[in-house]
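My notes follow in the order in which I made the look-ups.

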Amino acid sequence: MDWLSAENIVAVATAVLGVAASAVMVWYERRVPRRKRIGYRVQMDNPIGDDIRLGRVSPRLGLFDEDPGMSDATLVLLRIENDGSLGIARDDYTGPELHGLTAVFTDRTVRGVSVTQPSDADHLMDHFTPSRGFGYDGNVIRIPRVPLNRGDYFKLLVLLTGGDVGCPIRLTGGISEGEVHTNSAVLPDDKPPLFSRAARTITVLLTVGVVTLAGLNGLPRWCSRRPREKTCAPAEGRS
């Protein structure tokens, strides 16, 4: 059967791969685990005082220079988000304490905290009060049991001293039938990748399919243009 040629098989396979790749990309971008999840990511971790890692001093003015203890200060922006498929209520936090989550900054001391949220989530600010467990002590910030609808988030801008940037930051706490986990984040000074790993893999597969199809389509034409070998027929009438 002519339609079972190698060219047609590769063409059909490439078309199927393209459709499947598009469907996988849509699923990959929109997938949400069917469970309660709180994710957190460090969006900024910058030195205010001396850059200890590079061994140099950062020029400072105003309160950054006048306030005692600022020579080794760092500034962290921590984003906490509901990245699951279900909303999280106050009763979903399983810890026995008044607060729901705990942020721990290894080898550093918390000097101040500011809470920020998107403009359409002003109602979240009512939960950040000492009576609901909001506070800090040493290297720990106590975060209240904040109810979060799917996609809701808030951020903590934290002033720290006593340690260097890059020290581990952990968010701990229990969620009923869910989890608290870390998310990756591109820091302001980092260059984001042009394509994700999944996009690169699918692009390579599609490229291989197209190149293979083009090669198979051109092969018959190339073969037909090859000069054929001349054969000498035996001479007739010779004795």
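The entries below go from the whole chain to strands and then to single residues.

**Entry 1: ground rules.** I am working with a predicted model, in which local features need pLDDT of at least 70 and side-chain atom pairs count only at pLDDT 80 or more, while totals for chains, interfaces and linings use all residues. I number residues from 1 along each chain as its sequence is written, and side-chain values use heavy atoms, with hydrogens and water left out.

**Entry 2: the chain as a whole.** I looked up the secondary structure and found three helices and nine strands in the protein chain, where helices (H or I, at least four residues) and strands (E, at least two) are DSSP runs numbered from the N terminus. Along the sequence they follow the pattern α-β-α-β-β-β-β-β-β-β-β-α. Of the 239 residues, 32% count as buried, a label that stands for under 20% relative accessible area, with exposed meaning over 50% and partly exposed in between (1.4 Å probe, protein chains only). The accessible surface comes to about 15,600 Å², and 56% of this surface belongs to carbon and sulfur atoms; the areas come from the Shrake-Rupley method with a 1.4 Å probe, and for residues only the protein chains shown count as cover. I also checked contacts (heavy atoms within 4.5 Å): among those between residues at least 6 apart in sequence, 84% join residues at least 24 apart.

**Entry 3: the core.** I next asked which residues of the largest nonpolar core touch the most other members. They are I38, I80, F105, I141, I143, L156 and L171, out of 28 residues in this core. β1 (36–47), β2, β3 (101–105), β4 (109–116), β6 (140–143), β7 (153–161) and β8 (169–172) each supply at least two residues of the core, and β7 gives the most, with four residues. For the record, a nonpolar core is a set of buried Ala, Val, Leu, Ile, Met, Phe, Trp, Tyr and Cys residues joined through side-chain atoms within 4.5 Å. I then listed the contacts of L171, leaving out residues up to four places away in sequence, and found I38, Y40, I80, L101, T102, A103, I143 and V180.

**Entry 4: pairings of β7.** I looked up two partners of this strand, with the rule that two strands pair if DSSP finds at least two bridges between them. β2 and β7 pair in the antiparallel sense over eight bridges, with V76 standing opposite V158 in β7. β4 and β7 are likewise antiparallel, over seven bridges, and K155 in β7 is the bridge partner of T116.

**Entry 5: the open sheet.** Four strands form an open sheet in the order β5-β6-β3-β8, with antiparallel pairing. Its edge strands are β5 (135–137) and β8, each of which pairs on one side only. β3 and β6 are joined by four bridges, and I141 in β6 is the bridge partner of A103. β3 also pairs with β8 over four bridges, where V104 stands opposite R170. Which residues of β8 lie on its covered face? They are I169 and L171, whereas R170 and T172 make up the uncovered one.

Entry 6: E81 lies in strand β2 (residues 74–82) and is buried, with a relative accessible area of 6%. Beyond four places in sequence, E81 touches R37, I38, G39, R41, D152, Y153 and N183. With the four-place limit applied again, R79 is in contact with G39, Y40, R41, Q43, Y153, F154 and K155. R79 and G39 are 40 residues apart in sequence and 8.2 Å apart in space, C-alpha to C-alpha.

**Entry 7: positive phi.** D107, in the loop between β3 and β4, has a phi near 65 degrees, a positive value in a residue other than glycine, and is exposed at 56% relative accessible area. E177, in the loop between β8 and β9 (178–182), has a positive phi of about 55 degrees although E177 is not a glycine, and is exposed at 70%.
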